[in-house]
Amino acid sequence: MNATIDTDQLVDTLKPGYIDLSDRIWDMPELRYQEQQSVSAQIEMMEAAGFKITRNVAGIPTAFMAEAGEGGPVIGFLGEFDALAGLSQEAGIAQKSPLAEGGNGHGCGHNLLGAGAMLAAVATRDHLAAKGMAGRVRYFGCPAEEGGSGKTFMAREGAFDGLDAAFCWHPASFNTLIPSNSLANVQAYFRFAGRAAHAAASPELGRSALDALELMSVGVQYLREHMPEKARVHSAITNTGGISPNVVQDSAEALYLIRAPQVNEALALFERVKKVALGAAMMTETTVEIEVDKACSNLLRNATLDELMQAQMERIGGIEFDADDLTYAKAIQDTLQPDDIGAAFKMFGLEPKGKPPVLAGDILAGPRPELVLPGSTDVGDVSWQVPTAQVMTACHAVGTPFHSWQLVAQGKSPAAHRGMVFAAKTMAASAISLFDNPDLLGRAKAEFAERTAITPYTCPIAPEVDLPFRRAKAR
Ligand SMILES: Nc1ccc(C(=O)N[C@@H](CCC(=O)O)C(=O)O)cc1
């Protein structure tokens, strides 16, 4: 029997349990660093599959590692399972602004992501065991991809040490390799403190933290003209200071997310944003405290692994959709603006020809190094420590934006399950190719060594920055 095709069959045999797991995780959306139930459900399955569990990886209660196999190379599979705030199912059904509704939801498909990576890990281990081959498989339960950069904290503590290669995937509405780099980012709190006073009777005694916050925002708007082209800066006001206009606000806080294509550019831009904040504090005679929350690196591509994953996707051959999928996808697309659908194509440098297909089951051509994933991922940090590759597979209707209730709504669909299974087959077969072919693994590692000799990895989160959930408690 062909060694690679065997893993497809193993995935098909194992899949019902992992599809069920992805549905269960969808049913209990948990936010960053609070993924206790999702972690318990995963650990229970990995234990039942005979994997040895290491809990509390990097001091994070919702980070774990599951290992199986003996000797040989060590291949990692990265899983995510955190949800987003403000994307409840109810909000989706009511078609209201999800943010206004509150509630959590799997708006980036992470219910599928972790379960799919586990499925790949178990199928790979079963294949090694059936063939009596040496080799170890590690599944990493990585918390807080959304705004928490769990993997970056894990990377800082050496959680991925000892891996020879790592594979992962992300649900999308296309089948493709992750396009080129993702954006590196730094997230930090800017906390202004002033002095309260009666806003009419004694304004001269007040020093407004809210003014400082607003002036910082104005300064950042001016900074935009002089930022690297693909840089992004966005913010949320996390403390408005107060709700009484007749009080000079003595405290105000914003959380800034600063992104750029390269990690050093993101860090340099953060320094410039800090100057804007200090300027705003000086103008208003307030003080500002700056607290780094988290950061992540851009992705480092590995052409050897990219080509391997692409070849496996093409061998397996895309995804077939049936009439029910198309009806379902059409219903979702009817709630989307036509421009959104066009934008989804443009993201991949494609021009829709005529009416866009409702679901894209085709595999897009090869690595596309000219394209940048218009977001960030903490997989970036793993990719600077270990040769890493990842694919996206079609789980959602074309045009569905990430972080939308439409995406939440498709998280348990048969099409989403098929996309997950396709990703698991691609990852498992890619891993088996490396176990079978030491030269190929050697090439991936040599490429990685050459690239990181030029720019070695430095964790963008300094050693003294504590985990976000611990800092939040301390405050
Ligand atoms: N294949 C994907 C990987 C990541 C994302 C994503 O949206 N990531 C968050 C990460 C946020 C963060 O790093 O703080 C973002 O860019 O806002 C989307 C698709």
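1. Phe 140 and Phe 160 are both buried, where buried means under 20% relative accessible area, exposed over 50% and partly exposed in between, with a 1.4 Å probe and protein chains only. This is a predicted model, in which local features need pLDDT of at least 70 and side-chain atom pairs count only at pLDDT 80 or more, while totals for chains, interfaces and linings use all residues. Residues are numbered from 1 along each chain as its sequence is written, and side-chain values use heavy atoms, with hydrogens and water left out.

2. Rings of Phe, Tyr and Trp (its six-membered ring) pair if their centres lie within 6.5 Å; planes under 30 degrees apart count as stacked, over 60 as edge-to-face and the rest as tilted. The count is 6 aromatic pairs. One of them is the tilted pair of Phe 140 and Phe 160, at 4.9 Å centre to centre and 55 degrees between the planes. Phe 140 is in strand E6 and Phe 160 in the loop between helix H7 (150–156) and strand E7 (165–172), 20 residues apart. Helices (H or I, at least four residues) and strands (E, at least two) are DSSP runs, numbered from the N terminus.

3. Phe 190 and Phe 270 make an edge-to-face pair, because their ring centres are 6.4 Å apart and their planes stand at 75 degrees. Phe 190 belongs to strand E9 (residues 184–193) and Phe 270 to helix H9 (residues 263–284), so the pair ties together parts 80 residues apart in sequence. Phe 190 and Phe 270 are both buried. Ring pairs also join Tyr 256 with Phe 190 and Phe 270 in a cluster.

4. Two backbone angles deserve a look. Most residues other than glycine have a negative phi. Tyr 33, not a glycine, has a positive phi of about 65 degrees; Tyr 33 is in the loop between helix H1 (3–27) and helix H2 (36–48) and counts as buried at 8% relative accessibility. Ala 144 has a positive phi of about 50 degrees, sits in the loop between strand E6 (135–142) and helix H6 (145–148), and is buried with a relative accessible area of 0%.

5. On the overall fold, the protein has 17 helices and 13 strands. Of its 475 residues, 57% count as buried. The C-alpha trace spans about 85 × 50 × 40 Å along its principal axes. Among contacts (heavy atoms within 4.5 Å) between residues at least 6 apart in sequence, 82% join residues at least 24 apart.
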